[in-house]
Amino acid sequence: MRERTTLTETSIVADAGRVPETAGLPARDAEFIRSMATLFIDVLDEFGTAMARHIHEHEPRLSSLDDDEAVEATRASCAGNMQEIFSMLRAGLRAVSHDTPPQALEYARFLRGRGAGYDTVVGGYQYGVAMFRDVLALE
């Protein structure tokens, strides 16, 4: 069993006036990452919607699953994954400090129930990560 940092512990560190460690980055860079994560959390729903549309438009294996329910499942998964990433970045937590968001697990089950396989899930994630990377690079 791995050791986890809890929100309470993180809050205590922040309340003490110390900045949580962010992957050994200089304090200025760590603060920039935290501020960007906070900005993205503020537009998470809109970004999740855009990302879901992008994934369904570009991943050919999802073209047959382009109904409202499928796009909403994709949006929820995108938003859940990004919420996890941004929350960790904002708190200065290491990447091993997280669990898979429930929305991502529900999405995999949803796609399986619709007959989509592993390649479809991975393909969707590849398009989502590429969009995420490109948007962050612009910032």
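This is a predicted model: local features need pLDDT of at least 70, side-chain atom pairs count only at pLDDT 80 or more; totals for chains, interfaces and linings use all residues.
**Entry 1: H4 with H5**

I looked up how H4 packs with helix H5, residues 102–113, and found an angle of about 150°, with the axes 8 Å apart. I noted the crossing of H4 and H5 as left-handed.

Next I listed who meets whom. From H4 I have Glu 69, Ala 70, Ala 73, Thr 74, Ala 76, Ser 77, Gly 80 and Asn 81, and across from them in H5 sit Gln 103, Ala 104, Tyr 107 and Phe 110. I sorted this contact by class and got six nonpolar, five polar and one charged residues.

**Entry 2: H3 with H4**

I then turned to H3, residues 44–58, and H4, residues 68–91. Their axes come within 8 Å and cross at roughly 125°. That angle makes H3 oblique to H4. I wrote down the crossing of H3 and H4 as right-handed.

For the contact, H3 brings Leu 44, Asp 45, Phe 47, Gly 48, Thr 49, Met 51, Ala 52, Ile 55 and His 56. H4 answers with Ala 70, Val 71, Thr 74, Arg 75, Cys 78, Ala 79, Met 82, Gln 83 and Phe 86. By class, I have eleven nonpolar, five polar and two charged residues for H3 with H4.

**Entry 3: a cross-check on H4**

I went back over both lists for H4. Ala 70 and Thr 74 turn up in the contact with H3, and Ala 70 and Thr 74 also meet H5.

Note on methods
Residues are numbered from 1 along each chain as its sequence is written. Side-chain values use heavy atoms; hydrogens and water are left out. Axes are lines fitted to C-alpha atoms, for helices over the stretch in contact, and angles run from 0 to 180 degrees between N-to-C directions. Helices (H or I, at least four residues) and strands (E, at least two) are DSSP runs, numbered from the N terminus. Angles under 35 degrees count as roughly parallel, over 145 as roughly antiparallel, 65 to 115 as roughly perpendicular and the rest as oblique. A crossing is left-handed if the near helix is turned anticlockwise from the far one by less than a right angle, and right-handed if clockwise. Contact means heavy atoms within 4.5 Å. Ala, Val, Leu, Ile, Met, Phe, Trp, Tyr, Cys and Pro count as nonpolar, Asp, Glu, Lys and Arg as charged, and the others, Gly among them, as polar.
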